[in-house]
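Hi,

Here is the structure I promised to pass on. My notes follow below it, with the cut-offs included.

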Amino acid sequence: MSNKPADWTSGHEAILYQSCSACGGVQYFRRGFCAVCGSDTLQEKRASGEGTVYATSLVCRAATPETRAHVPYNIVLVDTPEGFRMMAHGATSLKIGDAVTSRFASFAGQIVPYFEKNK
Ligand SMILES: [Zn+2]
C-alpha cells in the first residue's frame, strides 16, 4: 500500500477509503493495516461523495499566504454512508445535520473535496 492513491490528494477527483476484507471495518486515513482488527487485507474503494454534516468550523484567519484569498472558509466533518468520517471543505452556510454531496474545488493550488447542501 505504498503507491500513491488515485484520489484528490494526488490531483484526481475522487474520494477513496479502505475497507477491511476480514472484519468489514472502514477507514478514511490510509494505513497498511485495519485499525479495527489489524488485518492487512484492505481493499481500496471509491466513496459516493455523499454524507451528513457532523461538525463545522469556520476558519477566519489564514494559516498560510496561499490560503489568505479563501478566508473565511468552512472546514466540515462529514459522516459518509460508507461508514467513515472525513474532514473536508464545505459551503459556509452548512449546518450540522445537513445532507451534503461533494464536488471538487481548487484551494491553494490543489483540488480538495468541497461539500454543498443537497438541493
Ligand atoms: Zn479489520
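**What I found**

Of the contacts (heavy atoms within 4.5 Å) in the chain with a separation of 6 or more, 45% are between residues 24 or more positions apart. Please keep in mind that this is a predicted model, where local features need pLDDT of at least 70, side-chain atom pairs count only at pLDDT 80 or more, and totals for chains, interfaces and linings use all residues. Residues are numbered from 1 along each chain as its sequence is written, and side-chain values use heavy atoms, with hydrogens and water left out.

The chain has eight strands and zero helices; strands (E, at least two residues) and helices (H or I, at least four) are DSSP runs, numbered from the N terminus. The radius of gyration, taken over C-alpha atoms, is 15 Å, close to the 14 Å from the globule rule (2.2 Å times the number of residues to the power 0.38) for 119 residues, so the chain is as compact as a globular protein of that length.

Buried residues (under 20% relative accessible area, 1.4 Å probe, protein chains only) make up 37% of the 119.

Leaving aside neighbours within four places in sequence, Leu 94 is in contact with Val 53, Thr 56, Asn 74, Val 76, Val 100, Phe 115, Glu 116 and Lys 117.

Best wishes

Definitions and conventions:
Buried means under 20% relative accessible area, exposed over 50%, partly exposed in between (1.4 Å probe, protein chains only).
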